[in-house]
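Here is a short briefing to read alongside the model. It covers helix packing, domains and a few backbone features.

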Amino acid sequence: MSMELPQGRTVLTGNEAAAVAVVLARAQQIACYPITPQTLIVERLADLTAERDDIVFANLDSEHSMFGYALAAERAGVRCFAATSSQGLLYSHEQLHRASRERIPLVAVNVNRSVVAPWSLEPDLADSMSERDTGWIQLYCSSAQELLDSILCAYRIAEEAMLPVLVCAEGFLVSHTAETVDVPSQAAVDSFLPPFQPPEDWLLDPNRPRAFSGLPEPNDYATYQQNVAEAHDLARTLIAEAASDFSAAFGREKVASLELSGDPNADTAIVAIGTIGETARELLTDDEPPLVVRVHAYRPFPGEELASVLEHVSHVCVIDRAPAFGAPGPLGEDVRAYGVTATDVVCGLGGSDVTPDTLRRALAASGREAIYLGVEA
Amino acid sequence: MQEMLITGRGGEGVVLASQLLADTFARGGFYVQSFPEFKAERRGAPLSAFLRWDDEPIRRRYKLRECDVLMSISPSPPPARAVATLRPGGLLLVNRETRFPHCGDWHVAHVPGSGIARRHGILSAEGRPMGNVAVLGAAVKLLLPDGLEFLEQAIRSRMGAKIAEPNVVAAQEGYRLCARQHTVATDSSYEPEPAVARPPLPVFSASFMDTRVNNTGSWSLERPALLAACNVCGLCALFCPEGAMRREDGTMVIDFDHCKGCGICEDVCPVQNAITMEEVLV
């Protein structure tokens with residue numbers, strides 16, 4: 001069934017908003033392998049591209065093949081898209097490493113879902129946080145609107161930094177939640193996002209046959225890694241510029257790396273990521289409201305910016321929606337790495353509900369080791 | 001902000017109903033948020049969807065604990081645990097031909113959603129009437145009285161023309177036939193009474209230690225009942241795909257914790273009037 005691109009203010013699920021963004025971004029090759037809760041992205045992209053001969057929609061035989069296909073197509077100078085969740089992302093692990101060091105600016109969506117064992121379809125961030133060291137930029141969205149907007153920004157950031165971007169949003173809480181979304185016009189998107197024009201010497205060219213990523217000398221190998229680290233440092237600025245340009249072009253605020261809500265001089269702060277960062281705003285009407293910091297860009301981690309925001313806060317509570325066994329949760333570890341003393345609370349695992357009360361309990365806790373909340377008998 | 005809980009069974013269009021209503025409120029100028037509660041359950045399983053609407057953008061992201069409106073899509077009575085989430089003074093909207101016999105500290109309205117659907121040939125693949133859109137007509141009457149046109153637009157934008165038209169008519173009829181009831185007394189101990197005494201519906205729970213405690217019987221829309229003519233031949237046990245029937249002490253015993261109500265036992269039974277399928281109440 002072919003489907004028209006929605007326009008203006010409408011109601012879309014997160015998955016639908018992602019599919020719409022990909023078409024608006026003029027992705028030319030869409031590599032697909034469905035998995036719950038990402039499936040509706042694939043279905044809607046199939047609907048939206050059914051009668052278009054300018055977009056290739058490819059069903060692949062696994063997530064591993066999907067990433068392999070998309071990475072190769074990018075290298076031929078084609079803007080691509082891929083999407084997955086949970087086990088699918090983990091199955092693609094080695095392709096993810098390759099993407100960043102080969103400097104392939106692929107944009108992929110990961111609809112966050114917890115990881116086996118035991119099996120669950122429900123959200124937590126263990127899948128993409130397990131891939132945090134693969135060299136991808138990671139952006140975490142907390143609404144359908146932010147997912148749509150971030151995919152548009154992601155193509156610009158990816159192609160300027162020549163780094164892959166994983167745009168993440170929690171399954172069901174974002175992917176299956178239908179909500180009010182403003183869909184920008186194609187003309188507005190076209191003037192924000194230029195066509196993909198990678199450097200000539202980076203492209204696959206049949207007239208200039210050569211090998212990529214062959215067996216370099218140790219020092220050259222290390223240079224590959226260092227280049228990616230430097231590109232991440234540059235990406236912090238690119239993320240901020242893209243957000244600022246986006247806000248100006250589309251007339252709605254686009255979060256860059258961090259979203260701050262509440263009194264910056266508050267004595268306590270909650271640092272969270274994804275939808276928990278939205279729910280935490282409900283605490284702003286409490287008697288002693290915390291400063292709420294929602295991390296949008298997780299890699300590159302906005303550590304300096306965060307440390308400066310939290311400099312005068314006496315109690316910092318970091319909420320992790322992913323476990324890291326034998327250590328604090330991933331976000332907690334990152335916050336502490338920049339010299340911030342923080343309590344790390346792990347909650348919301350496997351889709352367990354995180355309410356304002358969960359967060360009040362988290363704020364009341366303190367300790368050096370990760371505290372697991374919300375585990376009920 | 002108003003919060004609504006929508007209950008029903010997988011396949012009755014609960015999720016679609018919540019999205020259509022979200023779309024309707026959005027067309028009426030509200031910010032909306034609609035999401036289903038997904039579990040490892042399928043067609044026939046009890047499920048819920050949530051809907052929030054407000055003048056301001058909605059940023060909270062967690063399941064409803066309490067609601068202002070409970071809308072029951074199923075023709076069977078709403079589950080007691082759902083009714084318990086209604087805030088005092090809230091609204092209970094049920095899919096029913098007749099007056100709802102229970103009362104509490106909430107307003108009640110009923111609409112003959114299934115009857116309307118049957119009249120207009122809006123049926124599921126199994127031939128059951130899909131009363132969801134007719135119930136939405138009633139919801140719009142009660143919650144957004146000027147919004148029938150928005151509901152019609154939402155239906156047309158989310159359904160193909162062939163399906164949309166009878167549904168638009170069903171929505172209009174639901175709007176018209178919705179009856180508000182006056183609450184006469186307070187009875188907070190609501191318990192739906194089944195027409196016939198049956199074993200209670202199991203509650204689905206999942207375990208990764210032992211799958212036998214996963215009570216998939218909660219998914220059943222129908223369940224077999226053994227009649228006097230049963231000669232305990234055991235053929236049903238042989239064919240039961242769930243292993244939910246067994247011969248024990250000279251009778252057949254049915255494990256309702258795992259029977260999904262597929263009806264294969266009734267099909268393969270060689271004896272007349274030995275097994276019948278009965279509707280299960282949520």
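At roughly what angle do the axes of helix α1 and helix α7 of chain A cross? They cross at roughly 25 degrees and come within 8 Å of each other. Please keep in mind that this is a predicted model, where local features need pLDDT of at least 70, side-chain atom pairs count only at pLDDT 80 or more, and totals for chains, interfaces and linings use all residues. Residues are numbered from 1 along each chain as its sequence is written, chains are lettered from A and ligands numbered from 1 in the order in which they are written, and side-chain values use heavy atoms, with hydrogens and water left out.

**Helix packing in chain A**

- Two packed helices are described by the angle between their axes and the distance between the axes. The axes are lines fitted to C-alpha atoms, for helices over the stretch in contact, and angles run from 0 to 180 degrees between N-to-C directions.
- Helix α1 of chain A spans residues 14–24 and helix α7 of chain A spans residues 144–161; helices (H or I, at least four residues) and strands (E, at least two) are DSSP runs, numbered from the N terminus.
- α1(A) and α7(A) are therefore roughly parallel to each other (angles under 35 degrees count as roughly parallel, over 145 as roughly antiparallel, 65 to 115 as roughly perpendicular and the rest as oblique).
- The crossing of α1(A) and α7(A) is right-handed (a crossing is left-handed if the near helix is turned anticlockwise from the far one by less than a right angle, and right-handed if clockwise).
- On the α1(A) side the contact includes A:Gly14, A:Ala17 and A:Leu24, and on the α7(A) side it includes A:Ala144, A:Leu147 and A:Ile151 (contact means heavy atoms within 4.5 Å).
- By class, the contact of α1(A) with α7(A) has eleven nonpolar residues, one polar and no charged (Ala, Val, Leu, Ile, Met, Phe, Trp, Tyr, Cys and Pro count as nonpolar, Asp, Glu, Lys and Arg as charged, and the others, Gly among them, as polar).
- Helix α3 (residues 63–75) and helix α5 (residues 93–101) of chain A have axes 9 Å apart and pack at an angle of about 15 degrees, which makes α3(A) roughly parallel to α5(A).
- α3(A) and α5(A) cross in a left-handed way. Among the residues making the contact are A:His64 and A:Phe67 of α3(A), with A:Glu94 and A:Arg98 of α5(A).
- The contact of α3(A) with α5(A) divides into four nonpolar, three polar and two charged residues.

**Helix packing in chain B**

- Helix α1 (residues 14–27) and helix α4 (residues 132–143) of chain B cross at roughly 35 degrees, and their axes come within 10 Å. This crossing of α1(B) and α4(B) is right-handed.
- Residues that meet here include B:Leu16, B:Leu20 and B:Phe25 in α1(B), and B:Val133, B:Leu136 and B:Leu143 in α4(B). The contact of α1(B) with α4(B) has ten nonpolar, two polar and no charged residues.

**Domains**

- Chain A is divided into domain 1 (8–250) and domain 2 (258–372); such bounds come from an automatic or database domain assignment.
- The centres of the two domains of chain A, taken over C-alpha atoms, are separated by 26 Å.
- In chain A, 26 residues of domain 1 are in contact with 24 residues of domain 2.
- For chain B, the assignment gives domain 1 (2–184) and domain 2 (216–279), with C-alpha centres 34 Å apart.

**Backbone features in chain A**

- A cis peptide bond joins A:Val116 and A:Ala117, with omega about 10 degrees.
- The peptide bond from A:Arg299 to A:Pro300 is cis, with omega near 0 degrees.
- A:Met162 is not a glycine, yet has a positive phi of about 50 degrees.
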